[in-house]
Amino acid sequence: MRRPRRFGAPAIVASSAICRRGAFRRGFHIEHIVARQHGGPTSLDNLAFACWSCNLKKGPNLSGIDPATGHVTALFHPREDEWSQHFSAHVGTLIPLGIEIRGLTPEGRSTVRLLGLNEEMRQMVRYELWLEGLYTLGI
């Protein structure tokens, strides 16, 4: 993805240097929250850091299916929603050396499902980052 040059440091500061969906702190893409193909602008309020996996899995999607209800629901919006209101993180619940992210709301559950946030490797990476003090969200 081409990085918009005109934003530079303000985009980095505004996004707090963390993947706004999967909560990783390295290997970023700058994502359009509302994709350009859906009319989303290339402006600070529509850009957020995303780890490569979250960005590629989200694609142009604006919604997902809540696994608890089967209803189509909006995805977590990294500029408008508070992470802790939609997700919680738990050590060693799905796999012994992993950190599971649980969706607490329809938006959280559909985001966890669509982005594959609890795939085994992603849980293990979060766990290793947590041991190094580089992952603290929700724990």
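These numbered points go through a predicted model, from its overall layout to single residues.

1. Overall layout. The protein has five helices and six strands. Along the sequence, the elements run α-β-β-α-β-β-α-β-β-α-α. Of its 139 residues, 42% count as buried. The accessible surface comes to about 7,500 Å². Carbon and sulfur atoms hold 56% of that surface.

2. Contact range. Residues 24 or more positions apart account for 58% of them.

3. Confidence. The average pLDDT of the protein is 84. A score of at least 70 is reached by 80% of the residues. Confidence is lowest in helix α1 (residues 8-14), with a mean of 42. It is highest in β4, at 98.

4. Over residues 1-17, pLDDT stays under 50. The model has 28 contacts beyond four places in sequence for these residues. Where pLDDT is low, the predicted coordinates should not be read in detail. I would keep that in mind for the contacts of residues 1-17.

5. Strand β1. I30 lies in this strand, which covers residues 28-32. Its relative accessibility is 13%, so I30 counts as buried. The C-alpha atoms of I30 and W52 are separated by 9.2 Å. Along the chain, I30 and W52 are 22 residues apart.

6. Strand β4 and T73. T73 sits in β4, which spans residues 72-74. T73 counts as buried because its relative accessibility, 13%, is under the 20% cut-off. Leaving out residues up to four places away in sequence, T73 touches S63, G64, D66, P106, E107 and S110. Of these partners, P106, E107 and S110 fall within helix α4, residues 106-115.

7. Helix α4. The buried residues in this helix are G108, S110, T111, V112 and L115. One of them, S110, is also a contact of T73. After α4 comes G116. The phi of G116 is positive, near 60°.

8. Strands β5 and β6. The two pair in the antiparallel sense, over five bridges. A89 stands opposite I101 in β6. Strand β6 covers residues 99-103, and four of its five residues are buried, so the rest of the structure largely encloses it.

9. The end of β5. Is V91 buried or partly exposed? V91 is found in β5, residues 87-91. Its relative accessible area is 36%; buried means under 20% and exposed over 50%, so V91 is partly exposed. V91 also belongs to a nonpolar surface patch, together with W130 and L131.

10. The β5-β6 loop. L94 lies in the loop between these two strands. Setting aside residues up to four places away in sequence, L94 touches E100, N118 and Q123. E100 falls within β6, residues 99-103. The C-alpha atoms of L94 and E120 are separated by 8.5 Å. In sequence, L94 and E120 are 26 residues apart.

11. Points to check in the viewer. Start with T73 in β4 and its contacts, including those with P106 and E107. Then follow the antiparallel pairing of β5 and β6, with A89 opposite I101.

Methods: Residues are numbered from 1 along each chain as its sequence is written. This is a predicted model: local features need pLDDT of at least 70, side-chain atom pairs count only at pLDDT 80 or more; totals for chains, interfaces and linings use all residues. Side-chain values use heavy atoms; hydrogens and water are left out. Buried means under 20% relative accessible area, exposed over 50%, partly exposed in between (1.4 Å probe, protein chains only). Contact means heavy atoms within 4.5 Å. Patches are made of residues with over 30% relative accessible area and no salt bridge: like charges are joined within 9 Å, nonpolar side chains (Val, Leu, Ile, Met, Phe, Trp, Tyr) within 5 Å. Accessible areas come from the Shrake-Rupley method with a 1.4 Å probe; for residues, only the protein chains shown count as cover. A salt bridge is a side-chain nitrogen of Lys or Arg within 4 Å of a carboxyl oxygen of Asp or Glu. Two strands pair if DSSP finds at least two bridges between them. pLDDT is the predictor's confidence in each residue, from 0 to 100.
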